[in-house]
Amino acid sequence: MTDDFRQDRRLRLPILSQLKNAVLIYTIQYLGAPTLWYRDWFYPPEIPPNIVKTYTCRPSLPIRIFFPESYDPKTSKALLPTLFSIHGGGFCLGRPNDDDAWNARFASMHNVLVIAVNYRKAPAYPFPTAIYDAEALILAAFEDEDLPIDKARIAIAGFSAGGCLTLSVCQLPSIRERVKPSAALPVYAVVDQSIPGDIKITTRHYKPSLGSCVRAEPTDYLSKLAPAFSWSYLSPGVNLKDPRVSPYFAPRDTLPPNIFLVGVELDQLAHETWCMANKLAGRPEPALTDKVGQEKPSAEKGQLILDDERYAFEHVDDDGRRVRWLLIPDQIHGFDRIPKQWHDEESLEDAKLKEVAYQKALGEWLREVVWK
C-alpha cells in the first residue's frame, strides 16, 4: 500500500469549523454530565466493581476493579492473571463505568482480575495527556501490593479510542520494561489517524438489507463525530504518523509479543485495523479498494466467521511473536456499548451473542495460548 493518501500533520481548521467542533464536544460533555449523574443514582450497574480506588499520582481519576465471582478477596491468597481495560469515547467522552458489564463478565468468564483505568479528556487535555494518565494508573495498580496481580500474566485491552491508547501506552518504556504486558487486545480501535475521514468511509460495505436500525444506514455514524474528536485530541501540527497517535506506524519490537486485533465489519475504522493485522503478520496489506468484510449479510446470525481469512486469521513469527485478527460481521462500531434504541430487536440479539462470542475468544486465547 502506498502512502499517497495519508496526511503527515494535523492541519489547522478554519475558524468556523473549529467553532462547530467546539460547540458539539462541549455541549455533549456539559449537557451529558447531569444525565450521567441521574443514571448513576437511579440505575446503578447490575454488577458493580468490587473496588473503586484512587492513587496519589492521579487523585481525580478513580479506577474500577473487578474480581471473578468465584474469587473471595478476603480469604483467597491466589494471584490472578490481570487485564487492564481502557474505555473509549473519542478521547473526549466516556468513563470506565461504561465498561462495567463487559469487565465484570470477562472477569468471571475467564477467572481474571480486570482493572479499568481512567484518563483526562480532550479538548481540555489533548494528546498525549490520556496516554500518560493511563501509564501512571497502570503502574500504580501494578505496584499495589493489595491487589492480587499475577505479574507474569498481564494484558491490556481497550475499546475504540481506548484501543488506540492500549497500543500507545504499551510502547512506553515504563510499561514495556516494568509491566511487560504479554498481550494487547485493541477492540474496534483507531490505529491510523493519518488517513482522511472521507477515505475511511469508502473502505467498508453498507448493508441496508439489515433492517431499519443504525447498522443498516447508508452512512457511518462515526463519520459525523470523528472530525470533532480529532480536532479535540490532536492539536495543529501534531505528527499523524507518530506511533502514539497512529499505532499502525509502531515498530514491532515496541509492541507486546502477542496482539489480538478485533474489528467490526460495518465500521469506518475496520479497514485500517485489518491493514495493521496484515502488516504485523508480514502479509500484503489490502488496498483501499478491497473493502473489509463482504457485501452481503452473513447467513449465520449471532455467529462469528472463523473459516474465512477476511474475518479471522492467526500468524506466529519464527521468534514466537503472534498476531490474531478477528472481524465481527454485520455490526457497527461500539455495537456492544451503543444505546439499545440504536438496535432493532434482531440487531440487539445479534449484538449480544457476538459480544459474548468475542469475549470468549479473547479470554480463551489469553488462557490457552498467551498465558499457557
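Contact here means heavy atoms within 4.5 Å. The model is predicted: local features need pLDDT of at least 70, side-chain atom pairs count only at pLDDT 80 or more, and totals for chains, interfaces and linings use all residues. Residues are numbered from 1 along each chain as its sequence is written, and side-chain values use heavy atoms, with hydrogens and water left out.

**Exercise 1. Describe the surroundings of L185.**

Solution. 
- L185 belongs to strand β6 (residues 183–187).
- Its relative accessibility is 1%, so L185 is buried.
- Leave aside neighbours within four places in sequence. L185 then touches L83, I156, A157, G158, T166, F260, L362, W365 and L366.
- Check a pair apart in sequence: L185 and V262 are 77 residues apart along the chain, and their C-alpha atoms are separated by 7.5 Å.

**Exercise 2. Find the largest nonpolar core and its main contributor.**

Solution. 
- Apply the rule: a nonpolar core is a set of buried Ala, Val, Leu, Ile, Met, Phe, Trp, Tyr and Cys residues joined through side-chain atoms within 4.5 Å.
- The largest such core has 74 residues. Those with the most contacts inside it are F84, I115, V117, V169 and Y233.
- Helix α3 (residues 129–142) gives the most to this core, with 9 residues.
- Take I115 in detail. Not counting residues up to four places away, I115 touches I63, R64, I65, T82, L83, F84, S85, A141, L147 and I149.
- A second, separate core has 38 residues, F66, A104, F106 and L210 among them.

**Exercise 3. Decide how enclosed helix α4 is.**

Solution. 
- Count the buried residues: 9 of the 9 in α4 (residues 161–169) are buried, so the helix is largely enclosed by the rest of the structure.
- By name, the buried residues of α4 are A161, G162, G163, C164, L165, T166, L167, S168 and V169.

**Exercise 4. Characterise the lining of the largest cavity.**

Solution. 
- Define the space: on a 1 Å grid over the protein atoms alone, a cavity is a set of points where a 1.4 Å probe fits but cannot get out, and lining residues have an atom within 4 Å of a point.
- The structure holds 1 cavity of 30 Å³ or more. Volume is the space filled by probe spheres set on the points, which are joined across faces, edges and corners.
- R204, V214, R215, E217, T219, D220, Y221, L266 and I332 line the largest cavity.
- Sort the lining: 4 nonpolar, 1 polar and 4 charged. Ala, Val, Leu, Ile, Met, Phe, Trp, Tyr, Cys and Pro count as nonpolar, Asp, Glu, Lys and Arg as charged, and the others, Gly among them, as polar.

Note on methods. Buried means under 20% relative accessible area, exposed over 50%, partly exposed in between (1.4 Å probe, protein chains only). Helices (H or I, at least four residues) and strands (E, at least two) are DSSP runs, numbered from the N terminus. On a 1 Å grid over the protein atoms alone, a cavity is a set of points where a 1.4 Å probe fits but cannot get out, and a pocket is an open set with protein on both sides within 12 Å along at least five of seven lines; lining residues have an atom within 4 Å of a point.
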